[in-house]
Amino acid sequence: MSDKQYDLVVIGGGPGGYVAAIRAAQLGMKTACVEGRGALGGTCLNVGCIPSKALLQSSEKYADAARHFAGHGIKVEGLALDVAAMMARKDEVVKGLTKGIEMLFKKNKVDYVKGWGSIPAAGSVKVKLADGGEETLSAKNILIATGSESTPLPGVETDEKQVVTSTGALALDKVPGQMVVIGAGVIGLEMGSVWSRLGAEVTVVEFLDRILPGMDGDIAKQTQRILGKQGLKFKLGTKVTGAKNGKGGVTLALEPAKGGEAEELKTDVVLVAIGRRPFTEGLGLKELGVAMDNRGVIQVDENFKTSVDGIYAIGDCVPGPMLAHKAEEDGVVAVERMTGQKSHIDYNLVPGVVYTWPEVAGVGKTEEQLKEAGIDYKVGKFSFMANSRARAVGDTDGVVKVLADKRTDKVLGVHIVGPLAGDILAECVTIMEFGGSAEDIARTCHSHPSMGEAVKEAALAADGRAIHS
Ligand code: FAD
Ligand code: NAD
């Protein structure tokens, strides 16, 4: 016999799950959210987006004081780092936000069930309660939002001290002398930037011959050049085949990705950041017959329904980019469709932002994708060097690149490396949601002086009429 009856039980309290639970409650569904980690907010709030951005901000302030204040005529003497205080601030930020979600659950009357959930059968969620014991929830619908975990690298065992995943990299108790980051993706560049700014000598080892795969190649190249100037070293086209931990640090075995002579690289700390994989352990999905691909990604239809009636899935454990805002949109659309609404999400228009400084941001098609699809396009570029706000602030590294259809002028992609790239990309996402053209951006009045003017100028440049370059 089930103890409690719900319209919806969400398993996982990350940005996918908690947002879905709140939206479901708003729509009148009696909803529970089961979360095992002891705090709401998932990977994102606890060990992902938020703590990494807190440390990015703190480390940037330190690097500014160490490297850039003098250029503004500000002298700093006795600059010192207190890593423990920096970590404590980060933990406070996380705590405040996770507690905030508990308040939102109370306000919206979502039951927060603390414990690990499994699905013995459709219509039923069994919870191993954090306080001991078990509870079975009866559910008309079950939404799996159990997220993802760091992908392990064979031959490189993590101990979260010397060889860390992003979780360990967010909690080091001192600045390592040297750090090797395996993977020049988003986590590698963000966490590599944090520790490099704080004084570590950081080398990023990447299997491919480029950084940030998936982002526009030209922008990625410029990003590598800018981060290189800041002190990050890159070893591209290189694979790590093993790691040996010792008292004096870690010795990594490297090989050229295309084959060739092996070499060793000694370092104090290694960060493994080669991607993430769905986390669905302990749910009982195989026994239920929920279809997954060979990487454990749950297969869903356009309504987020799995192969088993009454069981849905969203976020990092289903196909698509592993991003918090994508998980949130999945969650909202999934529950709205359960109630018969015709909500939608355009996966071509999910923005991606890398919070290095300068930031890297992109939406829509990259130039490589347009070439491959044989689409005739035009390019408009504008450098932040010619943007007056960037000059005044002293942040002139970077460029905006607008890709538009050659015939119709419709914006097909916007890619930026530059100051506040993530924020200024938002207008481009909106324009693209409305099927807008480069001319639409170019004719929109942008405040002066602002970084956003670089977007307007890049849109003008797509038609060969930029004013300031
Ligand atoms: P998750 O956030 O992973 O949440 C799933 C939750 O389910 C977890 O809390 C887990 O404990 C719980 N759970 C799992 N199994 C069970 C079970 N059986 N019972 C009960 N609970 C269970 N994305 C961005 O968009 N922007 C960023 O800046 C960004 N930065 C990141 C930085 C780092 C270091 C990392 C690792 C990730 C970052 N991401 C970022 C990615 C982002 O965190 C994820 O895309 C997002 O959290 C996915 O949301 P989700 O709800 O699908 O899963
Ligand atoms: P990623 O997919 O962004 O990058 C992984 C990198 O590792 C790739 O460049 C890949 O080529 C490389 N790689 C893979 N195997 C390798 C090997 N054996 N040796 C060397 N390099 C190897 O993955 P990530 O950086 O681990 O991030 C995981 C997920 O978290 C991503 O999907 C990302 O979207 C999300 N995330 C997002 C943000 C953000 O939005 N700002 C921040 C952090 C993480």
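# A chat about the predicted model

User: Let's start with H12: which strands does it lie across, and at what angle does it run to E18?

Analyst: In this predicted model, helix H12, made of residues 421-433, lies across E17, E18 and E21, and its direction makes an angle of about 10 degrees with E18.

User: What sheet do those strands belong to, and in what order do the strands come?

Analyst: They belong to an open sheet of 5 strands, whose order is E17-E18-E21-E20-E19 with antiparallel pairing. Strand E17 (352-354) and strand E19 (377-383) form the edges, each pairing on one side only. On average, neighbouring strands of this sheet are turned by 10 degrees against each other, with direction ignored.

User: How many bridges join E18 to E21?

Analyst: There are 6 bridges between strand E18 (residues 359-364) and strand E21 (residues 411-418), and the two run antiparallel. Within that pairing, Val360 has Val417 of E21 as its bridge partner.

User: What does E20 pair with?

Analyst: With E19, strand E20 pairs in the antiparallel sense over 7 bridges, and Ser383 stands opposite Val399 in E20. With E21, strand E20 is joined by 6 bridges, again running antiparallel. The hairpin of E20 and E21 has 5 residues between the strands, and there Asp409 takes a positive phi near 75 degrees.

User: Changing topic, how is the chain divided into domains?

Analyst: It is divided into domain 1, covering 5-150 + 277-347, domain 2, covering 163-274, and domain 3, covering 358-462. Taken over C-alpha atoms, the centres of domain 1 and domain 3 are separated by 31 Å.

User: Which residues touch the most other members of the largest nonpolar core?

Analyst: That core has 37 residues, and Met179, Met191, Trp195, Leu212 and Leu271 are the ones that touch the most other members. Among the elements that give two or more residues to this core are helix H3 (49-68), helix H4 (83-108), helix H6 (186-197) and strand E14 (269-272). Apart from this core lies another, of 30 residues, with Ala390, Val400, Met451 and Ala458 among them.

User: What is Met191 in contact with?

Analyst: Leaving aside neighbours within four places in sequence, Met191 is in contact with Ser52, Leu55, Ala169, Leu170 and Leu271.

User: Last one, H1: is that helix mostly covered or exposed?

Analyst: H1 is mostly covered, with 11 of its 12 residues buried, including Tyr18, Val19, Ile22 and Arg23. The elements covering these buried residues include strand E1 (4-11), strand E2 (31-35), helix H2 (42-47), H4, strand E5 (134-144) and helix H9 (324-338).

Key: Residues numbered from 1 in each chain as written. Chains lettered and ligands numbered in written order. Predicted model: local features only at pLDDT ≥ 70, side-chain atom pairs only at ≥ 80, totals over all residues. Heavy atoms only, no water. Domains from an automatic or database assignment. Pairing = 2+ DSSP bridges. Helix = DSSP H or I, 4+ residues; strand = E, 2+ residues; numbered from the N terminus. Axes fitted to C-alpha atoms, helices over the stretch in contact; angles between N-to-C directions. Contact = heavy atoms within 4.5 Å. Core = buried A, V, L, I, M, F, W, Y, C linked by side-chain atoms within 4.5 Å. Buried < 20%, exposed > 50% of the residue type's maximum accessible area, 1.4 Å probe, protein only.
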